[in-house]
Amino acid sequence: MADEMLALALANAEKAGAANVEFLKGTIEAIPLPADTFDVVISNCVINLSVDKPTVFAETHRVLKPGGRIGVTDVVADDTLTPKQCAERGDWVGCIAG
């Protein structure tokens, strides 16, 4: 989360009168929260932005409570895909390319 994104989130929460939210600055590869904290983790095209996806999934697992769930709307490709297979799947990805 960039400083500008954090400032906008804080301003929007104040504008909405939302007192039950908290924003933390961190990275998806090093989530600044304790283990076994969440029932659900949702990614809406955030995993796509990481160059270290195995660490992202390890961190997600770490912060999930036992039996927790993950919802992923990203398109995540394994390194075993051929360049042709990656190109084919690229047609489905719109969250970065628009």
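Guide: Arg-62 and Glu-59 both belong to helix H2, 3 residues apart, about one turn of the helix. A helix here is a DSSP run (H or I, at least four residues), a strand is a run of E of at least two, and both are numbered from the N terminus. This is a predicted model: local features need pLDDT of at least 70, side-chain atom pairs count only at pLDDT 80 or more, and totals for chains, interfaces and linings use all residues. Residues are numbered from 1 along each chain as its sequence is written, and side-chain values use heavy atoms, with hydrogens and water left out.

Visitor: What makes the contact of Arg-62 and Glu-59 a salt bridge?

Guide: The term requires a side-chain nitrogen of Lys or Arg within 4 Å of a carboxyl oxygen of Asp or Glu. For Arg-62 and Glu-59 the N to O value is 2.8 Å, so the pair qualifies.

Visitor: Why does Glu-59 count as buried?

Guide: Buried means under 20% relative accessible area, exposed over 50%, and partly exposed in between (1.4 Å probe, protein chains only). Glu-59 has 12% and is therefore buried. Arg-62, at 27%, counts as partly exposed.

Visitor: How do you know that the buried residues of H2 line one face of the helix?

Guide: The buried residues in H2 (residues 53–63) are Val-56, Glu-59, Thr-60 and Val-63. Seen down the axis of H2, they fall within an arc of 100°, so they line one face; the arc is that of the directions from the helix axis to the C-beta atoms. Pro-54 and His-61, on the other side of H2, are exposed.

Visitor: How many salt bridges does the structure hold?

Guide: It holds 3. One of them joins Lys-65 and Asp-39, with the closest N and O atoms 3.6 Å apart. Lys-65 lies in strand E2 and Asp-39 in strand E1, so this pair ties together parts that are 26 residues apart in sequence.

Visitor: And what of Asp-3 and Lys-25?

Guide: Their side chains meet in a salt bridge at 2.4 Å, N to O. Asp-3 is in helix H1 and Lys-25 in the loop between H1 and E1, so the pair links parts 22 residues apart in sequence.
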